[in-house]
Amino acid sequence: MNMLHAGFLKPGSWSGRIFDGGWLASAAGTLTVREPATGDVLAETGLAGPQEVAAAAKAAAAAQKSWAAMLPQARAAILNRAADLLEQNGQELIPWIMRESGSIEAKAGIEIEHGAQFLRHAASLATMPMGLVLPTMDGRSSHARRLPHGVVGVISPYNFPLVLSVRAIVAALAVGNAVVHKPDPRTPISGGIIIARLFEEAGLPAGVLHVLPGGADAGEAMCKDPNIAMISFTGSAAGGSKVGEVCGRHLKKVQLELGGKNVLIVLDDADVDVAASNCAWGAFLHQGQICMATGLVLAHESIVEALADKIAAKAQHLPVGDPASGRVALGPVISPNQVETIQHIVDDAVAKGARLLAGGKADGLFYPATVLAGITPDMLAFREELFGPVACIMSFAGDAEAVRIAQDNDYGLSAGILSASTSRAMAIGNQLRTGMLHINDQTVNGGPFAPFGGFGKSGNGTRIGGPADIEEFTQWQWVTVRDQAQPYPF
Ligand code: NAD
């Protein structure tokens, strides 16, 4: 754990500063980053406000033109170099992610691994075909090509700060956009400084990427700024709704990747031991602070009690503590506010008759793996996103009822179905309004090659990753060419 002072991220040039290609002081001041597990100060970054956003957006707009004009293979080479650097320095960076966001080592390792995969996927986007030859209407040549939007503003959350920032930044860069990025002020190092350092070392031209740690005021300034053409936002439905409203007023393209209340359906023919393991992983990983977390376990009435007991047995044996201190399965949740939200939803369920089989009480920011059985639709735990380590369990009597209950929710991000019969599971899955559907798996799945996103309150119908990236981060231009201009009747 003393890797924090090794070479790649050694505080020095970046300490107390924001990034514009180099490191500069901000008139808005500095941001103190604290470890949620201990309350200790981890580092300082620069803090950006609306003034810094305006300057960054202007500089990015100027730098974008030559970046878009650069040969695609040169853009790809920079992205691949950044991927190499992330992998080479992964062991140094993992403790930063653990300490800043309260992650266990395995989760921090996933961020490094997926971050590098997103960078390599973006490198491949840079050299993809970017147009179509269209049927001619009158003999002249007609084609359509994809052009970058210009400057893309990226706003990211605290929970998987590195991956959720990287996935948008690198797809936008790959296809010729410049980027102004605002990580969450609680995780500006994993969500921002690491990425700035990667591109500084990889040789990205100055001005193409700006990293501005800041709060909602900086985010709102990005949504209004005339030099920013598109906002890619990952965060809560409440935040996304405000961002969408401001972007709409300013006629800006907006990508909203929001929350979820994800259902894992366990059919009567599923292996109950394997199902318990899937439920525990889906509900408890990273303290449940994942948009795709298993928010509701819907189990057939013939197996629901056995399943609940097995999940509770697992929950009781998952150690909770400071991830930097040793082998724990659950670290702290991010803030006292988040603890309050979790406790409120758990208490509401218990008051309305849910059975608390494990956990249920916080110790500071440490919330133990918690199991609530007997969830009913009148409880907050039935429909609210918890963002805490709580397995909420409910029973159903038949497949049609499972579909009806699963659909009784405004979100539509991820769903899982466990069954010995894939065709039966698929028949249920076909009736679910969900952006991501996993047969014989829990709900937490992600990666660079898949179009990630959801229906309903989980977003605005956009997707990020895989085949969605070119669609989201470029727009069409129709081009016709005549050998000579023709006279018209006027
Ligand atoms: P949040 O909406 O509070 O904050 C997310 C980001 O938006 C932060 O950088 C924040 O500073 C900024 N922000 C907040 N209000 C803003 C405003 N009015 N204008 C501009 N920027 C603003 O979200 P959070 O609580 O930090 O993150 C957790 C939420 O994110 C959960 O709901 C989770 O499900 C969701 N999430 C979604 C995905 C996904 O890909 N769909 C991934 C991870 C997290």
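**Cavities and salt bridges in the predicted model**

A cavity here is a set of points, on a 1 Å grid over the protein atoms alone, where a 1.4 Å probe fits but cannot get out, and its lining residues have an atom within 4 Å of a point. Grid points are joined across faces, edges and corners, and the volume is the space filled by probe spheres set on the points. The structure is a predicted model, in which local features need pLDDT of at least 70 and side-chain atom pairs count only at pLDDT 80 or more, while totals for chains, interfaces and linings use all residues. Residues are numbered from 1 along each chain as its sequence is written, and side-chain values use heavy atoms, with hydrogens and water left out.

In total, 3 cavities of 30 Å³ or more are present. Around the largest cavity stand 14 lining residues, with Ala406, Gln407, Tyr411, Gly412 and Arg433 nearest its centre. Strands S12, S17 and S18 (414–418) each contribute at least two residues to this lining; strands (E, at least two residues) and helices (H or I, at least four) are DSSP runs, numbered from the N terminus. The lining of the largest cavity comprises 6 nonpolar, 6 polar and 2 charged residues, where Ala, Val, Leu, Ile, Met, Phe, Trp, Tyr, Cys and Pro count as nonpolar, Asp, Glu, Lys and Arg as charged, and the others, Gly among them, as polar. The second largest cavity, with a volume of about 100 Å³, has 15 lining residues, of which Gly288, Ala293, Gly295, Leu386 and Phe387 lie nearest its centre.

Turning to charged pairs, the structure contains 18 salt bridges, each a side-chain nitrogen of Lys or Arg within 4 Å of a carboxyl oxygen of Asp or Glu. One of them joins Arg424 to Asp268 at 2.9 Å, N to O. Arg424 belongs to helix H14 (residues 422–429) and Asp268 to the loop between strand S12 (262–266) and helix H9 (272–284), so this pair ties together parts 156 residues apart in sequence. Arg424 is partly exposed at 24% relative accessible area, as is Asp268 at 33% (buried is under 20%, exposed over 50%, partly exposed in between; 1.4 Å probe, protein chains only).

Within helix H13, Glu401 and Arg404 form another salt bridge (3.7 Å, N to O); they are 3 residues apart, which means a separation of about one helical turn. Glu401 is partly exposed at 27%, whereas Arg404 is exposed at 53%. Elsewhere, shared partners link Asp268, Asp269, Asp399 and Arg424 into one salt-bridge network.

Conventions
1 Å grid on protein atoms, 1.4 Å probe; cavity = no way out; pocket = protein on both sides within 12 Å on 5 of 7 lines; lining within 4 Å.
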